[in-house]
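Welcome! Take a look at the sequence and the model, then read on.

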Amino acid sequence: MIDKIVTSGTFSLDGGTWDVDNNVWIVGSASEVVVIDAAHDAAAIARRVGDREVRAIVCTHAHDDHIDAAAELAARTGAPVLLHPADQVLWEMVYADLPYTPLEDGQVISAGGVELTVLHTPGHSPGAVCLYGADICTVFSGDTLFQGGPGATGRSFSSFDTIIESIKGRLLTLPPGTVVHTGHGASTVIGEEAGHLEEWMARGH
């Protein structure tokens, strides 16, 4: 079972603030789920979860628009917040003293019979990760890969060359039919995006 709720708020970094809509993904079964990217509105996410147990709140990265509801949702549900520690500096911009559970590349997160494997995909941020469910032929890409190209790399703690290497080595190697559920906007498939790699590299940032 894959459910999505779109929440709205702002993203702030490097002195700028932008209005954003975020995809919050809820993955699992009728009894237990994982929440991917608790953005903006913990109450709305909790309502969508309902009476299901939240096994974990997974952050694909620590930009503030992807984690700003994580603490409240964790308090509401008792679930741990999981984040790759390479994003510590970004995490501390939002939560100076709130601990999280470190994610590791290759770690498997399970809920409701769905297993999601952590793929460390730095570039958009140092600790960016994607979550790959082989049995459901789906990858949750956060802001690493979108319909039409890689995530933004023009701000602090990001690297275009690094994100391209992450996409080439970790995502475009997945089966072409793999559905890509993104952190913002429409979903896509791996095979569709693989055909545009050279175009992205020519376009650069």
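Which glycine follows H1, and is its phi positive or negative? The residue is glycine 50, and its phi is positive, near 70°. Before going further, please note that this is a predicted model, in which local features need pLDDT of at least 70, side-chain atom pairs count only at pLDDT 80 or more, and totals for chains, interfaces and linings use all residues. Residues are numbered from 1 along each chain as its sequence is written, and side-chain values use heavy atoms, with hydrogens and water left out.

Helices (H or I, at least four residues) and strands (E, at least two) are DSSP runs, numbered from the N terminus.

- Six strands make up an open sheet in the order E1-E2-E3-E4-E5-E6, with mixed pairing; two strands pair if DSSP finds at least two bridges between them.
- E1 and strand E6 (101-102) are at the edges with a single partner strand each, so one side of each has no neighbour in the sheet.
- E1 and E2 run antiparallel and are joined by twelve bridges, with isoleucine 5 opposite valine 24 in E2.
- Two residues lie between the strands of the E1 and E2 hairpin, where aspartate 14 takes a positive phi near 55°.
- E2 and E3 are also antiparallel, joined by four bridges, and isoleucine 26 stands opposite valine 35 in E3.
- The hairpin formed by E2 and E3 has three residues between them.
- E3 and E4, in turn, run parallel and are joined by five bridges; valine 58 in E4 is the bridge partner of isoleucine 36.

**Helices on the sheet and the core**

- H1 lies across E1, E2, E3 and E4, and runs at about 170° to E1; axes are lines fitted to C-alpha atoms, for helices over the stretch in contact, and angles run from 0 to 180 degrees between N-to-C directions.
- H3 lies across E3, E4 and E5, running at about 160° to E4.
- The largest nonpolar core has 31 residues, of which Val35, Ile45, Ile57, Leu73, Val81 and Trp91 touch the most other members.
- Elements that each supply at least two residues of this core include helix H1 (42-49), helix H3 (70-77) and helix H4 (88-94), and H1 gives the largest share, five residues.
- Such a core is a set of buried Ala, Val, Leu, Ile, Met, Phe, Trp, Tyr and Cys residues joined through side-chain atoms within 4.5 Å.
- Buried means under 20% relative accessible area, exposed over 50%, and partly exposed in between (1.4 Å probe, protein chains only).
- In H1, Ala42, Ala44, Ile45, Ala46 and Val49 are buried, and the buried residues of H1 pack against E1, E2, E3, E4 and H3.
- Leaving aside residues up to four places away in sequence, isoleucine 45 touches Ile5, Val24, Ile26, Val35, Ala38, Ala39 and Leu73; contact means heavy atoms within 4.5 Å.

- Four bridges pair strand E8 (residues 114-120) with strand E9 (residues 129-133) in the antiparallel sense, and leucine 119 stands opposite cysteine 130 in E9.

**Residues in loops**

- Aspartate 37, in the loop between E3 and H1, has a positive phi of about 70° although it is not a glycine.
- Aspartate 37 counts as buried because its relative accessibility is 2%.
- Phenylalanine 157, in the loop between strand E12 (149-150) and helix H5 (160-171), is not a glycine either, yet has a positive phi of about 70°.
- Phenylalanine 157 has 37% relative accessibility, so it counts as partly exposed.
- Tyrosine 95 sits in the loop between H4 and E6 and, at 12% relative accessibility, counts as buried.
- Beyond residues up to four places away in sequence, tyrosine 95 touches Ile67, Asp68, Ala69, Ala70 and Ala71.
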